[in-house]
Each structure stands twice: as structure tokens, then as C-alpha cells.
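Me: I am new to this structure. Please show it to me first, then take my questions one at a time.

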Amino acid sequence: MNIVVAIKQVPDLVEELELNDSGTDLDREWLKFKVNEFDDHALEAALLIKDAHGANVTVIALDNGLDIDKALYAAAAKGADRVIKVTGDFEGYVSTHKAAKALAGVIGTLGADLVMTGVQAVDDRDGQLAVLLAHQLGVPHVTVVTDIQVNDTSATVHKEYGGGMIGEFTVDFPAVLGIQAAAETPRYVPVAKVRRAMKSTNIEEIGGDGSGASAGTEVTKMYKPETGQGAEMLSGSAEDVAAKIVEIIRSKGI
Amino acid sequence: MIYVIVEHINGKIEDITYEMLGKAKSMGGGVTAVLLGSGVEGLASQLGAADNVLLCQSPELTEFNPQANCKAAASVLAGKNDSIILVGNTSMGMEIGPGLSAVLGMPLISYVTDISDGSVTSSLYGGKMSVQSAVDGGYIASVMAGSFPAESGMLEGSPNVESVEAPDLSDVKVHFVKLIEPEGGDVDITQKEVLVSVGRGIQNEDNLEIVQELADKLNAALSCSRPIVDNKWLAKSRQVGKSGLKVKPKVYLAVGISGAPEHIEGMKDAECIIAINTDENAPIFDYAHYGTTEDLFDVVPAISEKL
Ligand SMILES: Cc1cc2nc3c(=O)[nH]c(=O)nc-3n(C[C@H](O)[C@H](O)[C@H](O)COP(=O)(O)OP(=O)(O)OC[C@H]3O[C@@H](n4cnc5c(N)ncnc54)[C@H](O)[C@@H]3O)c2cc1C
Ligand SMILES: Nc1ncnc2c1ncn2[C@@H]1O[C@H](COP(=O)(O)O)[C@@H](O)[C@H]1O
């Protein structure tokens with residue numbers, strides 16, 4: 001079977017996030033980017049199917065100039081059979097609708113039985129890609145997926161609701177799944193192996209077109225929520241802070 | 001007119017629906033609830049905050065179905081592109097919101113925390129940023145649970161119920177199999193007075209020892225954020241948040257947890273929240289009553305020692 005996994009780079013939230021001069025977007029110049037954590041799960045879910053049943057795994061990304069090659073080489077090192085970079089007008093902020101249109105144009109030619117994306121990304125404002133992609137491709141979707149069992153022409157999947165409740169569904173191929181968590185912790189790949197993959201892997205470049213997709217709404221202001229508004233920050237050494245925390249807990253009658 | 005997609009599971013209307021109904025009512029101009037299902041006419045009487053209920057029933061809608069519900073919602077709302085449509089930013093809403101956006105060609109804003117005239121506020125970057133989007137004309141807002149008081153949407157009333165014929169759903173390619181109830185854990189974290197809650201800042205499984213020791217000393221339970229469960233370091237029954245449990249302890253000690261919106265959803269109503277996080281910009285400090293940016297590996301053992 002053919003599985004296509006879409007991945008993207010997102011700002012690493014461990015870093016300080018700075019705003020651009022107009023205060024409508026992040027200042028991307030100094031940001032550090034990393035693969036969206038749910039994409040690691042999507043790739044892992046695909047590789048687990050490959051390990052168990054055999055599958056051809058293609059990893060695809062829009063070329064938004066954010067160091068996507070590194071991510072694609074890492075995917076190849078983990079076991080992806082084919083890596084594709086969709087080139088075109090994708091610098092800066094790309095709306096999810098535009099990404100869906102551009103990706104669908106390419107994915108539609110790949111003969112995928114299953115398309116997987118991360119359930120969501122931290123930078124997404126106009127909707128999660130999986131469902132938009134499914135509508136572009138004219139195929140069914142299930143998102144917030146935590147477990148996948150594949151059969152010949154369909155998959156049985158678990159979709160997570162609140163409170164740990166799960167809905168079990170079967171979905172006929174071809175289909176798009178938005179992955180929340182793979183059944184296993186995403187595999188780790190040593191740097192040396194990624195280096196080797198860089199030498200042996202050919203990143204295919206295919207042109208994509210997202211023009212004409214719904215532009216969505218305009219951001220008028222981006223800002224840091226008032227940090228520390230409610231929290232009284234405890235000062236002093238770790239010892240002092242610990243003593244204060246004990247005092248606070250005791251004051252609650254514990 | 002503002003349309004609210006009703007969310008229900010196991011015959012019960014979810015709180016997010018009441019949050020949205022209350023907010024929609026306060027915006028003026030009339031509220032219509034969109035109720036999809038089978039044998040759910042009885043639920044309409046619990047939607048008193050709405051002026052109208054559009055009821056669409058079909059055997060294919062008996063249980064929530066990602067594809068069937070999208071198709072039915074799009075059919076009920078066809079031609080309403082100039083309206084405001086509210087869906088929950090929930091597992092169900094994450095199918096219907098983008099689905100409607102795709103079919104109706106309406107803009108969608110996710111993670112919405114507030115709506116005012118002409119502007120929609122939403123959360124980005126794990127709660128580290130807020131954004132305002134300008135809206136004129138119709139749009140779909142996917143609303144974060146906990147953004148508006150549910151009580152404001154729990155009103156008596158007898159909305160006018162109009163039945164709408166379901167579209168043909170025989171071609172749906174997703175089939176419901178069953179609902180699986182969560183497994184009960186060894187402890188019920190929703191019943192504890194004190195929770196020591198651990199996040200990715202703990203780095204690895206072995207380090208859990210230091211938070212476990214603290215929990216033991218406080219006669220507290222250990223709870224956690226989602227990545228800890230995904231890594232299989234703690235059981236699912238310990239997870240706090242959107243896809244875990246909602247907790248309301250007297251004291252919630254958040255250790256190495258950033259405070260992503262999905263986590264906040266599960267614990268923001270705790271009586272006293274104390275956060276230990278080295279990142280002074282971590283969103284958890286927006287919700288905590290007390291906070292420290294000292295290293296958890298220094299502070300946590302020091303607290304244990306003093307108890
Ligand atoms: C549909 C959906 C449902 C979800 N449901 C849930 C849910 O139910 N519950 C949930 O928790 N998440 C949920 N998530 C995931 C959520 O988006 C976040 O990814 C998650 O909450 C992050 O967990 P964390 O805070 O432990 O990790 P991180 O965000 O990685 O934060 C770790 C924190 O530790 C701090 N830290 C690091 N080292 C130290 C140190 N030495 N001392 C002190 N602090 C330190 C860092 O500054 C950082 O802020 C869901 C996501 C989706 C898409
Ligand atoms: N530009 C993109 N290129 C490839 N995959 C993407 C892109 N945007 C989103 N995705 C996929 O869709 C998931 C959800 O992203 P988002 O819709 O932005 O929340 C991501 O985790 C990726 O798997």
C-alpha cells in the first residue's frame with residue numbers, strides 16, 4: 001500500500017517568540033524551527049504500518065524555505081522510501097487552505113491509499129489541514145487519531161474524544177487521517193544516520209499551486225497574552241522558593 | 001443569525017454547546033442551534049437559549065461520524081455563507097469546522113477564545129500568542145472550551161424546532177464501530193485534594209522519581225500532561241486536559257508544564273495553581289496563582305525535603 005505523510009516545520013516554542021514591526025506576525029528571521037511534534041507521530045504511525053505489513057511511505061512538505069530539507073532527510077533516515085518537496089510561492093505565512101490546495105494537487109498524483117498529517121500544528125489559525133486536504137482530494141477523513149489497524153481496503157482507527165473516550169471507526173481507502181499519537185513513541189534517529197541519508201537520498205522537487213484558495217481572514221494584531229497576570233512570582237533561591245511553596249500548600253489546609 | 005453546531009455524545013449535550021449558545025445569545029441577532037443525530041428530538045428542549053433548532057435526523061447520524069456529520073451540517077447550512085457559525089474546538093468540531101469551511105467556502109478561525117464586533121480573538125503557538133482577526137461577513141469560529149460560561153447558555157425556553165431533510169448519506173466511507181469508555185486507573189485524579197502534575201520538563205522516565213516522592217509526601221496523586229502519557233511513562237488515567245480528565249483540586253502543582261490550551265482546559269478551575277517552569281513566558285503563568293522560574297530539579301527535591 002501507499003502512504004503519504006505531510007510534514008511541516010513550526011517555530012520551536014522553547015525559543016523566545018518576537019513580533020515583527022507591524023505586530024501582526026512573528027519575526028521569523030531569528031526563529032528556530034523544528035518538525036511539528038504531531039508530524040513525528042504521523043510518520044511513526046506510517047512506519048509502524050510499513051514494519052508490520054509492508055508499505056511504501058512517501059513524505060511530502062511544502063517548500064516554505066524553513067530548513068525543510070533537514071526534516072526530509074531525517075524522515076528518509078527513519079525509513080521513508082520517497083521524499084518530496086513541493087515548490088512554489090510558499091514563503092512566510094501560508095494559510096491552511098492554500099497549503100491544502102497545493103498539497104492536494106501533488107498528493108492526488110501519488111496513488112495514496114492513506115494520507116496522514118499531524119492532527120494540528122501550533123501555528124495554524126485557519127483550521128487543521130487533514131480535513132481540508134480530504135475535501136480537496138474528495139476522500140473521507142478522520143482526525144484526532146490514536147490507533148490504526150490496516151486491512152486490505154480499509155483501516156480501523158481510534159478517534160479520541162474528551163475524557164479519554166474513544167470512537168472506533170472503519171474508513172475505506174483512500175482516506176486522510178489526522179494523527180494525534182502513534183501507537184509507539186516516535187523513533188529516534190542518530191545524526192550519523194541522517195548524514196548518510198543526506199548522501200543517498202534524492203529530494204524530489206515538484207511544483208505546486210495554491211493560488212485561488214480561500215484567503216481567510218486578516219490578522220490585525222498579534223500579541224503576547226498578559227503573562228504573569230494572575231501569578232505571583234516567588235523570588236529567592238530554590239530553597240527560598242521551596243519554603244514559600246510549602247507555606248502556600250500548608251495555608252490551604254493540606 | 002448565529003448558528004451553533006450542537007455537540008452531544010451518549011445522549012448528553014456537551015458543555016461546549018452551552019458555552020457557544022450563551023455567547024451567541026449575548027451577540028444579539030438571533031440564535032439557531034443545528035442538531036444532528038437520530039432520535040434526538042428530545043434534546044431540542046434542552047436548547048432553551050436558542051430561538052430556533054434546525055433538526056436533521058438520519059440513521060447514519062446515530063453516532064457522530066466525521067464524514068456524515070460534515071455532509072449533513074453542510075447541507076443544513078447551505079446558502080448561509082453570510083452568517084456566523086460556531087463549532088467547538090473539540091474532536092468533533094475539528095472535523096466539522098474545516099469540513100464546513102471547505103464545502104461552504106467560508107473562512108475558518110480555530111482556537112477562538114473571544115468574539116467581539118468585527119474581531120475574533122484566537123490562540124496560537126501553544127498559548128504563547130494571541131491574535132485578532134478582522135471579520136466582515138460570514139465566518140466559522142471553532143471555539144475553545146472554557147472560553148465562555150456554560151451557565152449563560154443553559155436557559156429555559158422552547159425554541160421553534162424545524163426539521164430539515166438529511167442529504168443522501170449512503171455514499172459515506174467512514175463507518176462507526178463502537179464507543180470505547182476510558183479505562184479506570186488505580187487512582188482517580190479527579191477526586192484528589194492535591195495533584196502534583198508533571199510535564200515534558202521532567203525529561204525522562206527515571207526522573208519521575210522526584211515528583212513521585214513529592215506526591216507521596218503530600219498524600220497527593222501524580223497527574224501529567226499529554227506527552228508523558230504518549231511516552232507511556234504514566235497511564236492515560238493520569239492525563240489532565242482536553243483529551244484527558246478535568247480536575248479541580250485544592251492545590252495543583254504544575255511541574256515542567258508549559259500550559260498549552262489543551263492542558264489549561266483540564267485544570268484552570270483548580271483552587272490554587274502553583275507553576276514551576278524555567279521559561280518566564282510559559283502560558284501556565286497566565287493561569288497560575290503562584291509561580292517560579294527556578295529549575296524544577298532544584299525546587300522539587302527542596303520541597304520534599306521540607307515536608
Ligand atoms: C487534540 C489535542 C488534544 C490534546 N489534549 C491534551 C491533553 O488532554 N492534555 C495535555 O496536557 N495536552 C494535550 N494536548 C497536547 C498539548 O497541545 C501540548 O503538546 C502539551 O500539553 C504539552 O505538554 P507539556 O507542557 O508537558 O510539554 P511542553 O510544552 O514541551 O512544556 C515543557 C515545559 O517544561 C519547561 N521546563 C523544561 N525544563 C525545565 C526545568 N528543568 N525546570 C522547570 N521547567 C522546565 C519548559 O520551559 C516548558 O515550558 C493535546 C493536543 C491536541 C492537538
Ligand atoms: N505546508 C505544509 N506542508 C506539509 N504538511 C503540512 C503543511 N501544513 C500543514 N501540514 C500538515 O498538516 C498538519 C496540521 O497542520 P495545521 O493544519 O497547520 O494545523 C501538520 O502537522 C502537517 O502534518
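This is a predicted model: local features need pLDDT of at least 70, side-chain atom pairs count only at pLDDT 80 or more; totals for chains, interfaces and linings use all residues.

Me: At what angle do the axes of α2 and α3 of chain B cross?
Reply: Helices (H or I, at least four residues) and strands (E, at least two) are DSSP runs, numbered from the N terminus. Axes are lines fitted to C-alpha atoms, for helices over the stretch in contact, and angles run from 0 to 180 degrees between N-to-C directions. In chain B, α2 spans residues 66–76 and α3 spans residues 93–104. Their axes come within 9 Å, and the crossing angle is roughly 50 degrees.

Me: Which word describes how α2(B) lies to α3(B)?
Reply: Angles under 35 degrees count as roughly parallel, over 145 as roughly antiparallel, 65 to 115 as roughly perpendicular and the rest as oblique. The axes cross at roughly 50 degrees. Therefore α2(B) is, to α3(B), oblique.

Me: Is the crossing of α2(B) and α3(B) left-handed or right-handed?
Reply: A crossing is left-handed if the near helix is turned anticlockwise from the far one by less than a right angle, and right-handed if clockwise. For α2(B) and α3(B), the crossing is right-handed.

Me: How many charged residues are in the contact of α2(B) with α3(B)?
Reply: Contact means heavy atoms within 4.5 Å. Among the residues that meet are Cys70(B) and Ala73(B) from α2(B), and Ile96(B) and Leu100(B) from α3(B). Ala, Val, Leu, Ile, Met, Phe, Trp, Tyr, Cys and Pro count as nonpolar, Asp, Glu, Lys and Arg as charged, and the others, Gly among them, as polar. The contact has eight nonpolar and two polar residues, and the number charged is one.

Me: How do α4(B) and α8(B) lie to each other?
Reply: Helix α4 of chain B covers residues 208–217. Its axis comes within 9 Å of that of α8(B), and the two cross at roughly 30 degrees. The crossing is left-handed. The helices are therefore roughly parallel.

Me: How many nonpolar residues are in the contact of α4(B) with α8(B)?
Reply: Ile210(B) and Leu214(B) are among the α4(B) residues here, and Phe297(B) and Val300(B) are among those of α8(B). One residue in this contact is polar and two are charged; the nonpolar number is eight.

Me: What is the volume of the largest cavity?
Reply: On a 1 Å grid over the protein atoms alone, a cavity is a set of points where a 1.4 Å probe fits but cannot get out, a pocket is an open set with protein on both sides within 12 Å along at least five of seven lines, and lining residues have an atom within 4 Å of a point. Grid points are joined across faces, edges and corners, and a volume is the space filled by probe spheres set on the points. The count comes to two cavities of 30 Å³ or more. The largest has a volume of about 470 Å³.

Me: Which element gives the largest share of the lining of the second largest pocket?
Reply: This pocket has a volume of about 720 Å³. Its lining holds 30 residues, and Gly164(A) and Val229(B) are among those nearest the centre. The largest share, three residues, comes from α5(B).

Me: Which residue is joined to Phe173(A) by a cis peptide bond?
Reply: Omega for this bond is about -10 degrees.

Technical notes. Residues are numbered from 1 along each chain as its sequence is written. Chains are lettered from A and ligands numbered from 1 in the order in which they are written. Side-chain values use heavy atoms; hydrogens and water are left out.
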